Amino acid sequence: MKVKRLAAEKAVEYVQDGMIIGLGTGSTAYWAIQKLGEKVQKGLNIQAIATSVLSEKLAQQLGISLISFDQIDQIDLTIDGADEITSDGNAIKGGGGALLREKIVAFASKRFIIIVDESKKVDKLGTFPLPVEIVPFGFEITMKHLSKLGCKPVLRINQREPSITDNGNFIADCRFGNIESPEKLHDEINRIPGVVENGLFIQMASNVIVGYKDGEVKDFRLFDS
Ligand code: 5RP
């Protein structure tokens, strides 16, 4: 908890007055939103787009003003967590089921900062089951197509029913083991009709901020915008 908070607060240092900010989803992004709320209450002027209904509600409670895509062309900075991340900044996201909105928001952002605790760092992606958002129609056949790519997809369940995303879709969690070529897998998955998006975030992060148990926080800058 503390480690996630440290990483999140480091990322918030990049936020400047007047910026449009993308708000991530999950227990690490939660701390970034909290910190932003604190700063807004002290006079920081920002507008935000949230990656989930949950984060949107939190932002509203904290007095962060929200904006929508019909009012902007670009987001200045998005801060979000990840489930697994490699040293080149490629990540698996979607453990919290928000991967589609997270990818839309990240892709629209000039700078995308991923915040994690050290447990999320891996040499190769794929131990964490890759979340894939699929439409309910024909989900059984979509899952069969996913399995042909080398995983055993598991439909995400919530209280005995399929878990429904903020976009009204299902999630198939696909454990691939080591993913040797994330780019190739990303494209193969998204070519399947019925797949809306997958949780591989390839070459999207501009920074990765990692919190360590001993209290250290490292900011890895992958590219500057
Ligand atoms: C939600 C996400 C989260 O960023 C990811 O699951 C990490 O969550 P947490 O910060 O709680 O460990 O992708 O869809």
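Guide: Begin with D83: one of its polar side-chain atoms is 2.6 Å from an oxygen atom of the ligand. A polar contact is a pair of N or O atoms within 3.5 Å. This is a predicted model, in which local features need pLDDT of at least 70 and side-chain atom pairs pLDDT 80 or more, while totals for chains, interfaces and linings use all residues. Numbering runs from 1 along each chain as its sequence is written, and side-chain values use heavy atoms, without hydrogens and water.

Visitor: Which backbone atoms lie 3.4 Å from a ligand oxygen atom?

Guide: A polar backbone atom of G95 does, and so does one of G97. The protein buries 91% of the 380 Å² that the ligand exposes when taken alone (Shrake-Rupley method, 1.4 Å probe).

Visitor: How many aromatic pairs does a search of the whole structure find?

Guide: Rings of Phe, Tyr and Trp (its six-membered ring) pair if their centres lie within 6.5 Å; planes under 30 degrees apart are stacked, over 60 edge-to-face, the rest tilted. The search finds three pairs. Y30 and W31 form an edge-to-face pair, with 5.1 Å between centres and 85 degrees between planes.

Visitor: Is W31 buried or exposed?

Guide: Buried means under 20% relative accessible area, exposed over 50%, partly exposed in between (1.4 Å probe, protein chains only). W31 is buried, at 14%, whereas Y30 is partly exposed because its relative accessibility is 34%. Another edge-to-face pair is F139 with F170, at 5.1 Å and 80 degrees. Both F139 and F170 are buried.

Notes:
A polar contact is a pair of N or O atoms within 3.5 Å; within protein, one must be able to donate a hydrogen and the other to accept it, and residues adjacent in sequence count only if both atoms are side-chain atoms.
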